[in-house]
Amino acid sequence: MKSLYNKFISFIITIEGKIAFYPTLFGVGGFAFAMLMLYLEKIGVSAYVSARVPQLVIDNADTAKTLLNILTAGIISIMVFSFSMVMVLLNQASSNYSPRVLPDLISNKNHQYVLGAYLATILYNVFTLVGIDPKDTEKYQLPGFSVLIGIIFTVICLGSFLYFIHSISQSIQANNILESIYRKANQRLDVLINEEADKTPSFPDTSDWKTYHSSKTGYFQNIAINNLVDICLENEIQIKILVVQGEFILKDVPIIKVSQQVDDELVKKILSNFNFARGEFVEDNYVLAFKQITEIGIKAMSPGINDPGTAISTIDYLTQLLAKRLQKNDQTIVTSEDDKALIFVTTVNFKELIYQVMVSYRTYCKHDMTCVQKLFIMLKYLLLQEKHVEDYHKTLKTEAELLYHDAQKAIENEKDLERIHQLYESLS
């Protein structure tokens, strides 16, 4: 049961980012509530309310049907407009920033809630309208109370629409996109740093371990780590995960090593806890945040956009994330309650992470003095921060040297070169 529960949670986390997830739940809720109100109308809820507060209940069938028709048509109109706005937002974000930011924009829960409220209200109004049967008005009690609730839901949708317009106009701004990416990555790093809890257990040599291959293709999104811990304890084995989270994994490539040979059934059980998807999310993989922010900065420096201010903002956010990454160990080892090392999770080390960030900026921004200057300031700041591994500072100085040499070749102004030399010397 525990294994199924963990897999279910992993599945929910995966589909939660889909744009149709919450609207579908809201739609089902709207339909269910409409059925509940039809049942309550049969037992006389409108008659009960009408006897006490007659002002709240509509007692004219034509008026009720006209109202529901108008309200439903109106909600459909603003729903279509809202979906159109989402498409415009995604297209603009893809053009101006990076296609990688699209999954995060699509998974914006507030926008999904608004779209879900529209869908729920439409379904509720439609089924309430179907329930109106004015053939015998003397014995038949109109569902006036249900119509009143439909009006209230519509008013809520109108308020949600105003919020939606405000929110979507804010979410397309570069600073808000960067802030959202940074916040998610920072939270993920906090979780990983807390899980390490200053423990760096050793892991045995895996050179002679048995290697097993992937049975699926897709982005390696996350792992049901608790299930793997239980499998290791039950079968007295240790596992090394060979692939880095966020990588695109092809079928039949080496994916794990096991401390002893195991049967095919156990291999399938282990691999069933690896979640593959066709998309990536910062909440699962903080490294993706570095890619996204870097790509936004590089795109801003392209001739078509030419926005050095946004590029400098991306460097500011990268500085904060790299300072947080300095506090994390390069190795991720999952242990049992008695601190026995069970699972080695391969991760992107700090040297590779900052190299991939800096190589992009060195390639596309080395000619821009403001960006080069900002990169040196970033490296100087990082050298002053606490680090978890001593070699981190050596890596930073190596990147500073590479930046210095590239900038010297790309910039010709003597005063600028003198300033660059001073910045480089200040790192020593």
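**Figure 1. Salt bridges across the predicted model.** A search of the whole structure finds five salt bridges, a salt bridge being a side-chain nitrogen of Lys or Arg within 4 Å of a carboxyl oxygen of Asp or Glu. Side chains of opposite charge can pair when their charged atoms come close. This is a predicted model, in which local features need pLDDT of at least 70 and side-chain atom pairs count only at pLDDT 80 or more, while totals for chains, interfaces and linings use all residues. Residues are numbered from 1 along each chain as its sequence is written, and side-chain values use heavy atoms, with hydrogens and water left out.

**Figure 2. Lys 269 and Glu 234.** Lys 269 forms a salt bridge with Glu 234, and their closest N and O atoms are 3.9 Å apart. Lys 269 belongs to helix 10 (residues 264-271) and Glu 234 to helix 9, so the pair ties together parts that are 35 residues apart in sequence. Helices here are DSSP runs of H or I with at least four residues, strands are runs of E with at least two, and both are numbered from the N terminus. Lys 269 is partly exposed, at 39% relative accessible area, whereas Glu 234 is exposed, at 57%. For these labels, buried means under 20% relative accessible area, exposed means over 50% and partly exposed lies in between (1.4 Å probe, protein chains only).

**Figure 3. Arg 362 and Asp 406.** In this salt bridge between Arg 362 and Asp 406, the closest N and O atoms are 2.8 Å apart. The pair links distant parts of the chain, with Arg 362 in helix 13 (residues 350-365) and Asp 406 in helix 15 (residues 391-410), 44 residues apart. Have a look at Arg 362 itself: this residue counts as buried, with 8% relative accessibility.

**Figure 4. Glu 390 and Lys 387.** A salt bridge joins the side chains of Glu 390 and Lys 387 at 3.7 Å, N to O. Glu 390 is exposed, with a relative accessible area of 58%, and Lys 387 is partly exposed at 31%.

**Figure 5. A buried lysine, Lys 328.** You will find Lys 328 in the loop between helix 12 (308-325) and strand 7 (332-335). Its relative accessible area is 1%, so Lys 328 is buried. Contact means heavy atoms within 4.5 Å. Leaving aside neighbours within four places in sequence, Lys 328 is in contact with Leu 189, Leu 192, Ile 193, Glu 196, Tyr 286, His 388 and Tyr 392.

**Figure 6. Strand 5 and its partners.** Strand 5 (residues 254-258) is mostly covered, with four of its five residues buried. Two strands pair if DSSP finds at least two bridges between them. Strand 1 (residues 210-213) pairs with strand 5 in the antiparallel sense over four bridges, and Lys 210 has Val 258 of strand 5 as its bridge partner. Strand 3 (residues 239-241) also runs antiparallel to strand 5, joined by three bridges; here Lys 240 is the bridge partner of Lys 257.

**Figure 7. Cysteines without a disulfide.** The count of disulfides comes to zero, where a disulfide is a pair of cysteine sulfur atoms within 2.5 Å. The cysteine sulfur closest to that of Cys 371 is in Cys 365, 4.5 Å away, which is too far for a bond. Cys 371 is buried, with a relative accessible area of 0%, and Cys 232 also counts as buried, at 1% relative accessibility.

Figure 8. Val 28, in helix 2 (residues 21-42), is exposed, with a relative accessible area of 53%. The C-alpha atoms of Val 28 and Gly 116 are separated by 9.5 Å, although the two are 88 residues apart along the chain. Tyr 113 sits in helix 6 (residues 109-130) and is partly exposed, with a relative accessible area of 32%.

**Figure 9. Ile 225 in helix 9.** Ile 225 has its place in helix 9 (residues 225-235) and is partly exposed, at 26% relative accessible area. Not counting residues up to four places away in sequence, Ile 225 touches Val 334 and Ile 343.
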